[in-house]
Amino acid sequence: SVLLKDGKIIAEGPTERVISDYLQVFQRPYEFLVIEEQRLGDKRIRINNFSTNPPTPATGGPFTCVVDVENDSNTNITADLSISFMSDGGNKVFQMHSGHLQSGFSIKPGISQIASQLESLFLAPGKYSVNLWIGSGKITFDWLQDVYSFEVKSGTFQEGIYVDARGYPVVVPAKWIQLEI
């Protein structure tokens, strides 16, 4: 596959990689964008939308992700949800997975919203993309890659001390003490 921009080849190679490059080049930030052919899973539950609040979060500030899902069956389906964050360069950064905290959901027929909240966002300033997965155990209902991108702005864990990007995508407030020798 080949990706052209302004008549010039800017990516060439396997289709999956070229599609990923396309999304990096042409996807607008804060827009949920799904390429239907890229959906993986049996689609018993489909992911219909994703958003963040605030849309442009700050390092150290509160952060909420909201996922709209749809169950087309006539019965409740138990599921776990994963929200994975990738750096601008496509490297895995971190994941929020409801199953890690035994927080599965009983998804009712119709449309439901699931929110994941962080009191303090540990992402350094920069651009990130999102992968979404909903399933149960080893069963994938819907898996979407590179469907959302957003930017994290500089913020603070402690008033007056702002976090900047130093090449590491995750920053953690640690307690520092000088030990006596």
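Leu4 sits in strand 1, residues 2–5; strands here are DSSP runs of E with at least two residues, helices are runs of H or I with at least four, and both are numbered from the N terminus. Together with Val2 and Ile9, Leu4 makes up a nonpolar surface patch with about 290 Å² of accessible area in total. To join such a patch, residues need over 30% relative accessible area and no salt bridge, and nonpolar side chains (Val, Leu, Ile, Met, Phe, Trp, Tyr) are joined within 5 Å, like charges within 9 Å. A salt bridge would be a Lys or Arg side-chain nitrogen within 4 Å of an Asp or Glu carboxyl oxygen, and areas come from the Shrake-Rupley method with a 1.4 Å probe, with only the protein chains shown counting as cover for residues.

A quick word on the basis: this is a predicted model, where local features need pLDDT of at least 70 and side-chain atom pairs pLDDT 80 or more, while totals for chains, interfaces and linings use all residues. Numbering runs from 1 along each chain as its sequence is written, and side-chain values use heavy atoms, leaving out hydrogens and water.

Most residues other than glycine have a negative phi, and most peptide bonds are trans.

| Residue | Phi | Relative accessible area |
|---|---|---|
| Lys43 | about 65° | 29%, partly exposed |
| Asp146 | about 50° | 12%, buried |

Lys43 is in the loop between helix 1 (15–26) and strand 3, whereas Asp146 falls within strand 10, residues 139–152. There's a cis peptide bond too, from Asn53 to Pro54, with omega near 0°. Pro54 belongs to the loop between strand 3 (45–53) and strand 4 (63–71).

On to the rings. The whole structure has eight aromatic pairs, meaning Phe, Tyr or Trp (six-membered) rings with centres within 6.5 Å; planes under 30 degrees apart are stacked, over 60 edge-to-face, the rest tilted. Phe85 and Phe94 are a stacked pair, 4.7 Å centre to centre with 20° between the planes. Phe85 is buried at 1%, while Phe94 is partly exposed at 24%. Both belong to a cluster linked by ring pairs, along with Phe50, Phe63, Tyr128, Tyr148 and Phe150.

Finally, His97 is in strand 6, residues 92–97, and is buried at 17%.

Definitions and conventions: Buried < 20%, exposed > 50% of the residue type's maximum accessible area, 1.4 Å probe, protein only.
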